[in-house]
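Subject: The structure, and what I found in it

Hi there,

Here is the structure I promised to pass on. Have a look at it first, and then read on for my notes.

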Amino acid sequence: MAEFFAMGGYGGYVWSAYPVSVVVLGYIGLRRAARLRDARKRAKLSKNDSKKPL
Amino acid sequence: MATVFDTFANPARFEALSKRLAPFCLISALLLIVIATPLALAFSPADYQQGDAVRIKYVHVPAAWLATLAFTFMAAMSAIAFVWRHPIADEAAKSAAPVGLAMTGLTLFTGAIWGKPMWGAWWVWDVRLTSALVLFFIYLGYLAVWDAVEDRTKAAKYARLVALTGFINVPIVKFSVDWWNSLHQPASIIRMDGPTIHSSMLTPLLMMILAYSLFFGWFVLTGVEASILETRAQRRVAPTPTPSTMTEAPRQPLADAASDTARANG
Amino acid sequence: MLTPAWCALAKGGFTRTLWPVLARDLKTATRTGGGWLQALFFFAVFCTAAVFAIGPERAALSQTAAAMIWLGGAFAVQLAAPGIFSVDLEDGALPALAAENPSLSGYYCAKVLLLIMLASAPIALLSPVFFIFFALSPGNALSASAAVLMGAPTLALTAATTAALGSGSKGGGVLSTALAAPIVTPVIIFGVAASEQAATGVFFSPELRILGALTLFYAVALPPIAISALRVTLE
């Protein structure tokens, strides 16, 4: 188990690269999901009777 | 051909497509990452020269792949927008930019992390790294155009030109290691003679590349869908005849001002 | 997008605008005194400053010679380019021209030729002097400068493109600075390599040939983009 974290001496490098990748992907993913969620809410709220297509 | 364009060009149909396709892309991407990461970190061999540091490859290469894929996509969409003048093509290009920027940054970061133990240096000014840095700046420039120019239609037109000219850099990033003696290792997957990597390493690598690509698909589909919905909401609030272009989403009581702008640009 | 430009070429609208614009601008340039020397002057100042910055050691100077001269030349032409369009936008000459001739290809080519004649070619012709300042022998200096002369059209093409993209009032500066890098960087990479090879005696090096190919590619690929940018500005 200890060797897994040590990564043959390169532990610091490998365990910087992977978490940062996860964080970056997660960050942009969450922002994009939030924008979509807000856009859907906004579109639903502004729905009026005419139901005019785009 | 006409029907393919119809699906993408018609906002209502695009929205229907995106609602079904986007979640599939995201879930597949996450599944692939969950499966590939243990393979990458534990159940694949260490390199006989680089040791366990080679595992950085499984996050560095997909990020680099996505960095160039995103810009190629932006250039293609910009070319389509240029010829057919359809606003969804512009919005598709704009949607791809944030992920491209983030991935270029991630490529540079993970590359530096990998370079330090391997080459002894965090950074060298060789052609591939320099052109990757230039790509990062072009992404910034592209996003800046949308912010800096107030008129959305004009911004779209300038942005198309930025994407098309900036695309000159992409072949340089990709082929620089083949054209010049570079410190960076040459191509080992997409080559005339086929991949040079052993399957025990190639499998997790291809899985990660596919996962990142599916994430990209989700990212772009949801971005365009959000733009369509934002425009629709804006038109209903202020139903004045507008030219067929996407316009700024108005302030809504729904979200506060700061996150509003952040999301419109996200 | 591309068809209007080529149609205008075929219909002769190209030459109809090119020569008058070129003649008028050359006349203005020579009439207003030394204004046209701006690029040349910047180049001279840059190279002189570089010589002082690097110091008197001949080895260091001759190693960096090609790099400094190409950088100075590229920056000088980049700086001279925006004025070429802004003067016509300010006094309304360009909108008037665009109203008469929907194709701006003649106008744009005139401007590129103008940049070559007034900026990049004079710089290339002056560069032997500075190569000698950078401790190259006269023969090598001439060969290296010949490579710079081969790159003169390329520098003008890239500068005109970035200037056209930046000609819009708002967000213009952002565009041209963001875009100068990817277009100019390959020119500098190959130009410097071509000059260095020329200085060692190999004039027709692979780098020089690539520089030539790059010039041809830019001559075809960049003008439509630049002309589109000018049209967007004119809207």
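A word on handedness before the details: a crossing is called right-handed if the near helix is turned clockwise from the far one by less than a right angle, and left-handed if the turn is anticlockwise. Please also keep in mind that this is a predicted model.

Let me begin with chain C. Of its 235 residues, 51% count as buried. If you take the contacts in chain C with a separation of 6 or more, 80% of them are between residues 24 or more positions apart.

The handedness note applies to one helix pair here: H4(C) passes H7(C) in a right-handed crossing. The axes of H4(C) and H7(C), the latter covering residues 138-165, come within 8 Å and cross at roughly 35 degrees. Among the residues of H4(C) that take part are Trp70(C), Val77(C) and Phe85(C), while H7(C) brings residues including Val148(C), Leu155(C) and Ala156(C). By class, this contact has 17 nonpolar, 3 polar and no charged residues.

H4(C), residues 58-90, also holds Ala60(C). Leaving aside neighbours within four places in sequence, Ala60(C) is in contact with Ile54(C) and Gly55(C). Ala60(C) and Pro224(C) are 164 residues apart in sequence, and their C-alpha atoms are 42 Å apart in space.

On to chain B, where another helix pair is worth a look. The axes of H3(B) (residues 57-84) and H7(B) (residues 169-179) come within 10 Å and cross at roughly 150 degrees. Angles over 145 degrees count as roughly antiparallel, so H3(B) is roughly antiparallel to H7(B). Their crossing is left-handed. Thr68(B), Phe71(B) and Thr72(B) in H3(B) meet Val170(B), Val173(B) and Lys174(B) in H7(B). By class, that contact has 3 nonpolar, 2 polar and 1 charged residues.

Next, the core. The largest nonpolar core has 171 residues, and those with the most contacts inside it are Ala70(B), Val77(C), Leu115(C) and Ala156(C). Helix H8 of chain B, residues 199-237, gives the most to this core, with 19 residues. Apart from neighbours within four places in sequence, Ala70(B) is in contact with Ala96(B), Val99(B), Gly100(B), Met103(B) and Phe216(B).

Finally, the places where chains meet. Between chain C and chain B, the contact takes 19 residues from chain C and 23 residues from chain B. Which helix supplies the largest share of the side of chain C? That is H8(C), with 9 residues. By class, this side of chain C has 13 nonpolar, 4 polar and 2 charged residues.

Chain A touches chain B too, with 30 residues of chain A in contact with 39 residues of chain B. Helix H2 of chain A, residues 11-45, provides the largest share of the chain A side, 21 residues. By class, that side has 17 nonpolar, 6 polar and 7 charged residues.

Best wishes

Key:
Residues are numbered from 1 along each chain as its sequence is written. Chains are lettered from A and ligands numbered from 1 in the order in which they are written. This is a predicted model: local features need pLDDT of at least 70, side-chain atom pairs count only at pLDDT 80 or more; totals for chains, interfaces and linings use all residues. Two residues are in contact if their C-beta atoms, placed from the backbone, lie within 7 Å. Helices (H or I, at least four residues) and strands (E, at least two) are DSSP runs, numbered from the N terminus. Ala, Val, Leu, Ile, Met, Phe, Trp, Tyr, Cys and Pro count as nonpolar, Asp, Glu, Lys and Arg as charged, and the others, Gly among them, as polar. A nonpolar core is a set of buried Ala, Val, Leu, Ile, Met, Phe, Trp, Tyr and Cys residues joined through C-beta atoms within 7 Å. A residue is buried if 20 or more other C-beta atoms lie within 10 Å of its own, exposed if 12 or fewer, and partly exposed in between; C-beta atoms are placed from the backbone. Axes are lines fitted to C-alpha atoms, for helices over the stretch in contact, and angles run from 0 to 180 degrees between N-to-C directions. Angles under 35 degrees count as roughly parallel, over 145 as roughly antiparallel, 65 to 115 as roughly perpendicular and the rest as oblique.
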